[in-house]
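Here are a few exercises to work through with the model open in your viewer. Try each task before you read its solution.

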Amino acid sequence: MGGCVSRSRSDVSTRTLSPSHQVSNASDNVTIGKNKPISSEKPKWKSETPITIGQLRSKRDEYWETQPAFGGRVEIYDALRAACETDDITLAQAIVNGANITLPSGSLTDAYDELGNHYTIPIYCISLPTNIINLDENSSTSGSSKEIITEQASGEEIIIKIRLSTTNKDVKMSVRTGETIGAIKRRIHADFGVAPSKQRCFYSGKLLYDKLTIEETKISKGFVMQVIVSEP
């Protein structure tokens, strides 16, 4: 599994590519090698056993949520996750540039922050395996969104607004503060026919991950959650 290794200046210097460039911070300069743009080609790989989209998503969530505890900066992991999860190469590059992340090989699997910390991101966080199990998401959901609220959903019931990029119109939705973004996506699927895997939810400019609850997102009553729908 990937991770982050903090390297000294001398160690990092031995890994430089030519020509190299300097990335500065407040106290030092660290040579981390030539920065290349993100490759437009997604890396190809095969899972040891075929897995579903849901299983892959859970595996990714586990990595992103636990890896910062082993070293590295949380904000860099957040930026790398956002870059890995978007299909828009221009947006991914903008995220990487904005976080001052360097990619010596042009791959998100091998990244450095401006302090010289090394982040090795597993390939399963970047692309789908060649043996992914494609389930018909349309067959897994029926009825209205209220019928598929999980029993675990708890907390205060509030009204928020959902704005889909396909319609750009605000729709009111009753949710509970203990409900997860993943559950909200399934409800949007039931009401609007947009598969959860094609939804990216944002609030106040931040990407909302499936395991976050409404309470954790800090969405207030009456505020808008934007749902960007990726093209088929």
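**Exercise 1. Find what the side chain of D61 pairs with, then place D61 in the fold.**

Start with the side chains: those of D61 and R81 are joined by a polar contact of 2.6 Å (a pair of N or O atoms within 3.5 Å; within protein, one must be able to donate a hydrogen and the other to accept it, and residues adjacent in sequence count only if both atoms are side-chain atoms). This is a predicted model, so local features need pLDDT of at least 70 and side-chain atom pairs pLDDT 80 or more, while totals for chains, interfaces and linings use all residues. Residues are numbered from 1 along each chain as its sequence is written, and side-chain values use heavy atoms, with hydrogens and water left out.

Next, list the neighbours. Skipping residues up to four places away in sequence, D61 touches R81, D210 and K211 (contact means heavy atoms within 4.5 Å).

Now the location: D61 sits in helix 2, residues 53–66 (helices are DSSP runs of H or I, at least four residues, and strands are runs of E, at least two, numbered from the N terminus).

Last, check accessibility. D61 counts as buried because its relative accessibility is 6% (buried is under 20% relative accessible area, exposed over 50%, partly exposed in between, with a 1.4 Å probe and protein chains only).

**Exercise 2. Work out which residues of helix 2 are buried and how they are arranged around its axis.**

Pick out the buried ones: L56, R60, D61, Y63 and W64. Look down the axis of helix 2 and these buried residues fall within an arc of 165°, so they line one face (the arc is that of the directions from the helix axis to the C-beta atoms).

**Exercise 3. Describe where I160 lies and what surrounds it.**

First, I160 belongs to strand 6, residues 157–164. Then accessibility: I160 counts as buried because its value is 0%. For its surroundings, leave aside neighbours within four places in sequence; the contacts of I160 then include V171, M173, I214, I219 and F223.
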